[in-house]
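Hello,

Here is the structure I promised to pass on. My notes follow below it.

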Amino acid sequence: MADSVSSSSPSVPPPLPSDSGTPWGFWPTFGMGVAIFFCFATVQSVAMTLTVIVLNLEDPNGFGEIFENIESLALDGLVLSLSMAVSFPLLVLGSILFAFLRKGISLRDYLSLRPISWKWWVALPPLTIGFSLFIGWLLKLAGAPESNEWMLQIGEAAKDHLFVWIGIVVFAPIAEEFLFRGFFFSDWVRSRIGVWGTILLTAI
């Protein structure tokens with residue numbers, strides 16, 4: 001009797017194979033990355049321009065001189081602080097948004113948000129410092145100037161506004177990692193260019 005009941009009951013189909021999902025693809029990722037960076041650069045430029053204008057509304061020389069000197073004025077500590085506050089989050093949020101919209105792959109896998117071993121935490125700082133010193137030595141041999149005037153101005157601005165220092169040392173590298181070593185890298189490393197091509201492109 002039990003055999004007849006079991007044979008007459010509808011059979012359950014086997015589960016479908018799971019699809020771990022993949023990123024968007026080389027060219028879609030490139031296009032989205034360009035869009036993210038374009039939004040970032042546009043918002044930063046607009047924020048800088050508006051801040052410079054607001055800070056110089058009572059300038060007796062008028063707007064003409066402001067726009068002639070806007071490049072130097074944009075290196076003011078307050079201007080840099082405000083422009084960073086509104087522009088750098090776009091790199092992080094844009095990367096997260098496009099990764100989230102891609103169905104079938106988790107945000108963690110897409111952006112490679114995985115913890116690293118404590119051994120790397122110990123090894124990476126001296127390796128990074130050593131590599132930086134080596135590159136500086138090579139640049140000196142090549143006759144490159146020892147100091148960059150633009151970076152010196154940034155450093156002076158950071159003295160007056162803590163957020164400039166935080167933005168350059170903390171926030172900017174994190175945003176860069178989300179876009180280049182997260183959004184771009186995880187996709188391109190699966191493409192035809194492979195690991196070394198991806199490292200070269202993201203480094204450039």
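Is F98 buried, partly exposed or exposed? F98 is partly exposed, with a relative accessible area of 22% (buried means under 20%, exposed over 50%, partly exposed in between, with a 1.4 Å probe and protein chains only).

Before the rest, some background. This is a predicted model, in which local features need pLDDT of at least 70 and side-chain atom pairs count only at pLDDT 80 or more, while totals for chains, interfaces and linings use all residues. Residues are numbered from 1 along each chain as its sequence is written, and side-chain values use heavy atoms, leaving out hydrogens and water.

A search of the whole structure turns up 13 aromatic pairs (Phe, Tyr and Trp rings, with the six-membered ring for Trp, whose centres lie within 6.5 Å; planes under 30 degrees apart are stacked, over 60 edge-to-face, the rest tilted). F88 and F171 make an edge-to-face pair, 6.2 Å centre to centre with 75° between the planes. This pair joins helix 5 to helix 9 across 83 residues (helices are DSSP runs of H or I, at least four residues, numbered from the N terminus). F88 is buried at 12% relative accessible area, whereas F171 is partly exposed at 23%. F98 and F183 form a tilted pair, at 6.3 Å and 35°, with F98 in helix 5 and F183 in helix 9, 85 residues apart. F183 is buried, its relative accessible area being 0%.

Both F98 and F183 also belong to one aromatic cluster, whose members include Y110 and W188.

Happy browsing!

Conventions
Helix = DSSP H or I, 4+ residues; strand = E, 2+ residues; numbered from the N terminus.
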